[in-house]
Each structure stands twice: as C-alpha cells, then as structure tokens.
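Visitor: Please take me through the model shown here, one question at a time.

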Amino acid sequence: MTTAALALRPLGEHLGTEALGVDLSRLDDDTFAWIAKSFAEHPVLVFRDQHLSAKDIASFGRRFGIPRKHALVKYRHPDYPEVSWLTNVEADGRIDWYGVKRATEWHTDSTYEKELPVLAMLHALEVPSKKGGTMFADMRAAYDALPAAMKDRLAGLVGLHGRSSGPAGERLYGADKGETERHYGEVPRPAVINHPVTKRPILFVNPMHTHGFQGMARDEAWPLIEELATFATQERFTYYHSWRPGDQLMWDERATMHRGAGDADPQERRVMMRTIVYPN
Ligand code: OGA
Ligand code: MN
C-alpha cells in the first residue's frame, strides 16, 4: 500500500472523520503512524469496508496499547477474550434484552477502573436496516464552550466514578447492571483533564459512571452531572454514526462521550466486535 492514497474526510459537521485508503487487515508501520497521528486530532475515526477477524481486531488494538478483557463476562469472544461481542441476539437467536438496552445512555467507558482506557473500537458485522447508530460528543469542544463561571467551578472539582452508578447508569440499568468478574469501587478523577497528546482540556464528567464530586452532597452533585451532560451533548458537539457492515470505528476514550442511539427495531440483528485498549 502506498501512503499517497491516505486521506481524511469529515463525516459529521463537528466530529467523525473517515480515514480513506487503509486496509486494516494488512497494516504496515507507516500507515499505522499516519492513523495514530490523525487520531490525536480526530477522536472518532472510521474505516469503511474492512473485513476483520477477531484476531485482526486484537492485533490492531495491540498497536495502540493493551487490549483488555471486557468487564461483562458473558460477551467475551471465546478465542480472543480481549475482543467482545456487542450484540442484541442470544446464542439461540432470541433477543438479548440486556444487549438491546446496553450503553444507550451517554457515557465514557470504564472511567470507574483504576486505569483509564486510551480508546475503544467497534467492528460492525450485522446492522439494522435503519437507525441503530452510535452517537459521539466532543468533550474538548464542550469544555471550550462552557461559561467562564462553570470553568472556574470545575477547576477545583474531583469527580467520583463507580460502575454505572451515576444518574444515567441508575436510570438505564437500576439493579440490573450485568455480571462482572470483579467488584469495582470508587475512583476519583479531576472533572477536567488534558489530552495526553494535544494537551487540550477535556470535560471529564459522564452521567453513567460519575456519581458525585469530592466534598459535594448528592443533591447538588447529581443535578450538576446532568447539567454538564445536557450541555455537552447538544447537537453542535455531537455526531451520529450510521453503521454499515464492515465499518471499523475507533474513538478516543478521553476526548469523547458516546452512547448507543437505542433507536432501532430490537427484532433486527445488530452484531459487532469490540475491543478496548489500555496504555502500555
Ligand atoms: C460501547 C458502546 C454503543 C453502541 O461499545 O462501548 O457504548 O452503539 N456502544 O452499541
Ligand atoms: Mn461504551
């Protein structure tokens, strides 16, 4: 493959970028370097018409760091446990109702883990005939647009993160949070972080896993978490990705929030492979 064919094309008005000229099943080092560089500035990157096995996905993930097994035991790929299934169908073909509702509120993945992931990726195998997209919010642009008074308030705040224990997590899952191998405690994280590569400030509060702030009562914290989520997910900061089979999409786990749109007919199959990557 020659690097001359490589190009970027915006997908959404604000977020979402297509990377052209890449075959991820035969990735060379120069192309990878171009992808890594592009991804730092374009935190939702899409490669169309890819035909990838679980093994290909795991090795693409390994280029960026260490792919990790999914917290939800049920969805792990049997041969490559660092790859998991994102699906709305059970092994017997019936609707998986947990899979239907899973991740359909705004969140950033795994912020309740001690270590933050770098990125995650989805590879679409089967998609609904209409809708069933994934939405992304640019948390750098959202931070930049916050009123100065809110920026000042956030500067001293430390968010408290637990697994799906924030307002959106409770609304979506309640007591049905899915079976995990281990128990997750509470992790403190500054409400504003800087991107490790670009150094841009990022609003790092998500309504799924952020359940409070240090030194703040819940009746003050929950409305603030919701207010920030409502602000950050205005249309001007978001992108709706409409899936095609063969799409390989990766997102920056620091710079963005995302959610399943949850707007497809649950009878229609939606099956993807997923990997989440941690720092080396
Ligand atoms: C995820 C996720 C959303 C979707 O894989 O982390 O949130 O659209 N997916 O299924
Ligand atoms: Mn997610």
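Guide: A polar contact is a pair of N or O atoms within 3.5 Å. The model is predicted, with local features needing pLDDT of at least 70, side-chain atom pairs pLDDT 80 or more, and totals using all residues, while side-chain values use heavy atoms without hydrogens or water. Residues are numbered from 1 along each chain, chains are lettered from A and ligands numbered from 1 as written.

Visitor: How far from an oxygen atom of ligand 1 does a polar side-chain atom of His258 lie?

Guide: His258 belongs to the surroundings of ligand 1, as do Thr134 and Arg274 among others, a residue being near if a heavy atom lies within 4 Å. From a side-chain N or O atom to a ligand 1 oxygen, the distance is 2.6 Å for Thr134 and 2.7 Å for Arg274. For the polar side-chain atom of His258, the distance is 3.0 Å.

Visitor: Which residues coordinate the manganese ion (ligand 2)?

Guide: Donors are N, O and S atoms within 2.8 Å of the metal (3.2 Å for Na, K and Ca), and sites may look incomplete without water. Along the chain, the donors of the manganese ion follow the spacing H-x1-D-x148-H. Both His107 and Asp109 are buried, that is, under 20% relative accessible area. At 2.1 to 2.2 Å, the coordinating residues are His107 (NE2), Asp109 (OD) and His258 (NE2).

How values were computed. Polar contact = N/O pair within 3.5 Å; in protein donor to acceptor, adjacent residues only side chain to side chain. Buried < 20%, exposed > 50% of the residue type's maximum accessible area, 1.4 Å probe, protein only.
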